[in-house]
Amino acid sequence: MSGKRANSSPAAQQERTFLRFALGLRWEHAVLLLSGLVLLLTGLPQKYREFSLSQDLLSTPERVDLIRQIHHIAAIILILEVIYHIGRIIILMARRKLPGDLLPTGQDLRDAGQMLQYLLFMRKDKPKFGKYNFEQKVTYWFVFFSIGMMVISGIIIWFPVWFTQFLPGGMVPASKLAHSTESMVLVVFIIIWHFYHVHLERMNMSMFTGRLSEDEMHDFHEKEYERLTAGQVPTPAQPGEEK
């Protein structure tokens, strides 16, 4: 099914939209995006000091301290975001209100196989997806564990003397290697995988606006669209009603 899914009356010309991300999730995404960007811009000069731009930025001890302070402030903001995100998950689990949309299932493997067949012209139709498809689940869990690794290794680097009181001294250089390597892997993953699937494949702004059009919901999340339009959940919230 394609095209606008509204009748031809003048009052129904405006296409419906569906709530995709509540305001709290959008704020989390913004904090993650901004803190990650600052960490990247302040971390790269420290990792690649041989570059001329890095040498200019780190030309004096005062500049080195300033770059490190900015990096640490952004790291604290990211850590607070991680604590909030995990705390929110724990609270929802305790209240038995945690949705399982992002949990990997066997259906994701089947969807990936069917999508591969579709891309190889072995299948006529794309598989139907729910609220999150297998690609979005891969993105979430990869970013989740990557940030966890960088937070742990970053704290060890930040307080090496304290940690070496009960951990082997080799943990510090190992943490430096893990921290810098994982950060670059995450950047490459986001640029090649996430940026392509969100912005190049289609200009999806739902993480900023909070909503998807009816056509987008049908074409990219058909199972979720069918669930919503079947009356199994309340009518999608109107702007200003998100919490």
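Okay, a definition to start: I call a residue buried under 20% relative accessible area, exposed over 50%, and partly exposed in between, with a 1.4 Å probe and protein chains only. By that rule arginine 16, at 44% relative accessibility, is partly exposed.

Now, some housekeeping. This is a predicted model, so local features need pLDDT of at least 70 and side-chain atom pairs count only at pLDDT 80 or more, while totals for chains, interfaces and linings use all residues. Residues are numbered from 1 along each chain as its sequence is written, and side-chain values use heavy atoms, with hydrogens and water left out.

How many does a search of the whole structure find? Five.

One of them joins arginine 16 to glutamate 214, with the closest N and O atoms 2.7 Å apart. Glutamate 214 sits in helix H9 (residues 214-220) and arginine 16 in the segment before strand E1 (17-19), so this pair ties together parts 198 residues apart in sequence. Helices here are DSSP runs of H or I with at least four residues, strands are E runs of at least two, and both are numbered from the N terminus. Glutamate 214 is buried, at 1% relative accessibility.

Next pair: lysine 137 and aspartate 108, closest N and O atoms 3.0 Å apart. Lysine 137 belongs to helix H5 and aspartate 108 to helix H4 (residues 106-119), so the bridge links parts 29 residues apart in sequence. Buried or exposed? Both lysine 137 and aspartate 108 are buried.

Then there's glutamate 226 with lysine 128, at 3.2 Å, N to O. Glutamate 226 is in helix H10 (residues 222-229) and lysine 128 is in the loop between H4 and H5, so parts 98 residues apart in sequence get tied together. Salt bridges with shared partners also bring Glu222 into one network with Lys128 and Glu226. Glutamate 226 is partly exposed at 35%, and so is lysine 128 at 38%.

Back to H5, and how it meets H3. The axes of H3 (residues 61-94) and H5 (residues 134-158) come within 11 Å and cross at roughly 130°. Axes are lines fitted to C-alpha atoms, for helices over the stretch in contact, with angles from 0 to 180 degrees between N-to-C directions. H3 and H5 are therefore oblique to each other; under 35 degrees would be roughly parallel, over 145 roughly antiparallel, 65 to 115 roughly perpendicular, and the rest is oblique.

Terms used. A salt bridge is a side-chain nitrogen of Lys or Arg within 4 Å of a carboxyl oxygen of Asp or Glu.
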